[in-house]
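Hi there,

Here is the structure I promised to pass on. Have a look first, and my notes follow below.

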Amino acid sequence: MNPQQPPRIVGRGTQAQPANRFEATHLEPDFEQLEHDEDLQAPRRTVPTQFLPDRSQSLITRNDSPDVAFDWSINPYRGCEHGCAYCYARPYHEYLGLSAGLDFETRILVKHDAPALLRKELGHPNWRGELIALSGVTDCYQPVEAELRLTRGCLEVMLEARQPVAIITKNALITRDLDVLAELAQNKLVAVNVSITSLDQGLTRRLEPRTSAPQARLRAIRELSAAAVPVRVMMAPIMPGINDHEIPQVLEAAREAGASSATYTLLRLPLAVEPIFRAWLAEHRPLAQDRVEALIRETRGGQLYDPAFDQRMRGQGNYAQQIGAMFQVFKAKHGLNQPPPSLDSSQFRPPREPSGQMRLF
């Protein structure tokens, strides 16, 4: 071990704790005195997850990005224990005074009141049952959901209100809620998007260490489809030089599992995500790092990231076009080009008041 470096943390997507761009000071640990002391190093090899209360007074947020396919979203959790090294949402943790690195995956803010807040906001006189995305930022089925059941609570409110919802997840835990999802689907009120980055579990274990295994995600697609819940597979993100060669295999496996459509996004490295992902490359793909970074730059006009709305999801240049063309060819080959389901907002009805009091109007 380099005496200037901390002991290697196991089971996490990043070892880094980059400085928060909004904070004037940053702590840099010095581990030189621990170089030969295994007893003191051992506890520092694991970092437990802390779940902190998020006392937000509202839940539904509006999206004004022109390249995102929804206007409204809810996120029961801020931060994500999945720990994906590439996650574009990491910089949001900096607004909380935390780091986009290890803090993002070990210090999770929990909106314990999410179902109650949703009930209140769906009952507002101005709400008309427009589509809501769950989640738009961090995964609503990250591991702690198995215990807290906040996502399920929100879905139960949506079912009561006949509120259309589109779900985005990479966790097979979603199948726990098949009963609610199936009833939503019967009423044309739900669409599910399952993200599959790779079929190589060795890669996913290092890249997104606390997500469901690829085969578990395929199994979730199979179970959802069997329950008549419409499922789209998302290859998100496609990382040049890392998983782009898997496009044919991922789409074939998704179709065999029952997915009806497919889409993708190109790797995005905004702000603090760039040094985190490059550190991941240096640790796990050192011999390929220069080539991977060169390919990323080729899709981003010579930079590692281009935030322009018309470029950030798909990239630009020949290599980005090749990725897009390959995806379209195999999407068509496997019949994954069905249009997204049309969800029915005309059924919306305000949910009951928390007190149980009936509405007069």
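Please keep in mind that this is a predicted model. I began with the salt bridges: the side chains of glutamate 105 and arginine 90 form one, at 2.8 Å from N to O. Glutamate 105 belongs to helix H2, while arginine 90 lies in the loop between E4 and H2, 15 residues apart. Both glutamate 105 and arginine 90 are buried.

Glutamate 81 is buried, with a relative accessible area of 9%, whereas arginine 210 is partly exposed at 30%.

Arginine 152 sits in helix H5 and aspartate 177 in the loop between strand E7 (165-169) and H6; both residues are buried. They belong to a salt-bridge network that also links Glu145, Glu156, Arg176 and Asp179. The count of salt bridges comes to 16.

How do H5 and H6 pack? Helix H5 (residues 150-161) and helix H6 (residues 178-186) meet at an angle of about 30°, their axes 10 Å apart, and are therefore roughly parallel. Their crossing is left-handed. H5 contributes Arg152, Leu155, Glu156, Met158 and Leu159 to the contact, and H6 contributes Asp179, Val180, Leu181, Glu183 and Leu184. Of these residues, six are nonpolar, four are charged and none is polar.

Best wishes

Definitions and conventions
Residues numbered from 1 in each chain as written. Predicted model: local features only at pLDDT ≥ 70, side-chain atom pairs only at ≥ 80, totals over all residues. Heavy atoms only, no water. Axes fitted to C-alpha atoms, helices over the stretch in contact; angles between N-to-C directions. Helix = DSSP H or I, 4+ residues; strand = E, 2+ residues; numbered from the N terminus. Parallel < 35°, antiparallel > 145°, perpendicular 65-115°, else oblique. Left-handed = near helix turned anticlockwise from the far one by under 90°. Contact = heavy atoms within 4.5 Å. Nonpolar A, V, L, I, M, F, W, Y, C, P; charged D, E, K, R; others polar. Salt bridge = Lys/Arg side-chain N within 4 Å of Asp/Glu carboxyl O. Buried < 20%, exposed > 50% of the residue type's maximum accessible area, 1.4 Å probe, protein only.
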